[in-house]
Amino acid sequence: GCFSFYPGKNLGACGDGGMVVTNDANIAETIRMLRNYGSKIKYFHEFRGFNSRLDTIQASILRVKLAKLDSWNKKRRNAASRYKDLLKNLDFILPEEKSYAKHVYHLYVARVKKRNELLDYLKSEGVFAGIHYPIPIHLLEAYADLGYGKNSFPITERYAGELISLPMFPEITVEEIDYIAEKVKCFLTGGEHLR
């Protein structure tokens, strides 16, 4: 498994970082070498690797924050539940949670047909929503060698144009969620001030 400790994640460092976990000793050894220039012994590189070691300051910060992660995730789940209650029954496709797993809502991503217009409207109302991620991977120049082009993955391409991330963080207040939901509803239902 792989975990990102990017600062904006549920368990974020103060800089970039990440972790790989495995119960396979061979994979663990390869990962250790990859993160250290492809080397087991300093200056003896068996293959090309990276400088991807988590520094001790970041590890110390993460260790302290780890004790709060369950509480933070619970707050995110509560915020997501409130969004769901306030935004149901609209032309706004909300995230789903399966019975066999718990979502920790790093982001609260929904789908809406007029995404860009909604983004502009929310911004004008002081709500800074986002887009994660606007371009499907198969359409990025870095992956052109895979040979996929426009319409190779039509559902992915459609969703990329509809996804919107509403504000989500452990400290978001009920009042903030209510305000955001009110603005989304107003946009989607053609509220008075939109005419």
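Reader: How do the axes of α3 and α6 cross, roughly parallel or oblique?
Author: In this predicted model, the axes of α3 and α6 come within 10 Å and cross at roughly 30°. Angles under 35 degrees count as roughly parallel, and α3 and α6 are therefore roughly parallel to each other. The crossing is right-handed.

Reader: And which residues make that contact between α3 and α6?
Author: From α3 the contact takes Ala79, Arg82, Tyr83, Leu86 and Leu87, while α6 brings Val174, Ile177, Asp178, Ile180, Ala181, Val184 and Lys185. Sorted by class, the contact of α3 with α6 has nine nonpolar and three charged residues, with no polar ones.

Reader: What about α4 and α6, at what angle do they cross?
Author: Helix α4, residues 115-124, and helix α6, residues 174-189, have axes that come within 10 Å and cross at roughly 130°. Angles over 145 degrees would count as roughly antiparallel and 65 to 115 as roughly perpendicular, and α4 and α6 are therefore oblique to each other. As for handedness, α4 passes α6 in a right-handed crossing.

Reader: Switching to pockets, how much space lies in the largest pocket?
Author: The largest pocket holds about 570 Å³ of space. Its lining is made up of 23 residues, and the closest to the pocket centre are Gly18, Met19, Val20, Arg35 and Ser52.

Reader: Which elements supply the lining of the largest pocket?
Author: At least two residues each come from β2 (18-20), α1 (25-35) and α2 (56-66). The largest share comes from α1, which gives five residues to the lining.

Reader: How does that lining divide into nonpolar, polar and charged?
Author: The lining of the largest pocket has twelve nonpolar residues, five polar ones and six charged ones.

Reader: And the second largest pocket, what lines it?
Author: The second largest pocket has about 240 Å³ of space, and its lining consists of Cys2, Phe3, Ser4, Phe5, Lys9, Asn10, Leu11, Met19, Leu69, Asn73, Val104 and His106. Two or more of the lining residues come from each of β1 (2-4) and α3 (69-87), with β1 giving the most, three residues. By class, this lining has seven nonpolar, four polar and one charged residues. Met19 belongs to the lining of the second largest pocket, and Met19 is also among the residues closest to the centre of the largest pocket.

Reader: Changing topic to the backbone, which peptide bond is cis?
Author: The peptide bond that runs from His132 to Tyr133 is cis, with omega near 10°. To find Tyr133, go to the loop between α4 and α5 (154-160).

Reader: And where is Tyr37, and what is phi there?
Author: Tyr37 sits in the loop between α1 and β3 (39-41). Phi of Tyr37 is near 60°, which is a positive value in a residue other than glycine.

Notes. Residues numbered from 1 in each chain as written. Predicted model: local features only at pLDDT ≥ 70, side-chain atom pairs only at ≥ 80, totals over all residues. Heavy atoms only, no water. 1 Å grid on protein atoms, 1.4 Å probe; cavity = no way out; pocket = protein on both sides within 12 Å on 5 of 7 lines; lining within 4 Å. Points joined across faces, edges and corners; volume = space filled by probe spheres on them. Helix = DSSP H or I, 4+ residues; strand = E, 2+ residues; numbered from the N terminus. Nonpolar A, V, L, I, M, F, W, Y, C, P; charged D, E, K, R; others polar. Axes fitted to C-alpha atoms, helices over the stretch in contact; angles between N-to-C directions. Left-handed = near helix turned anticlockwise from the far one by under 90°. Contact = heavy atoms within 4.5 Å.
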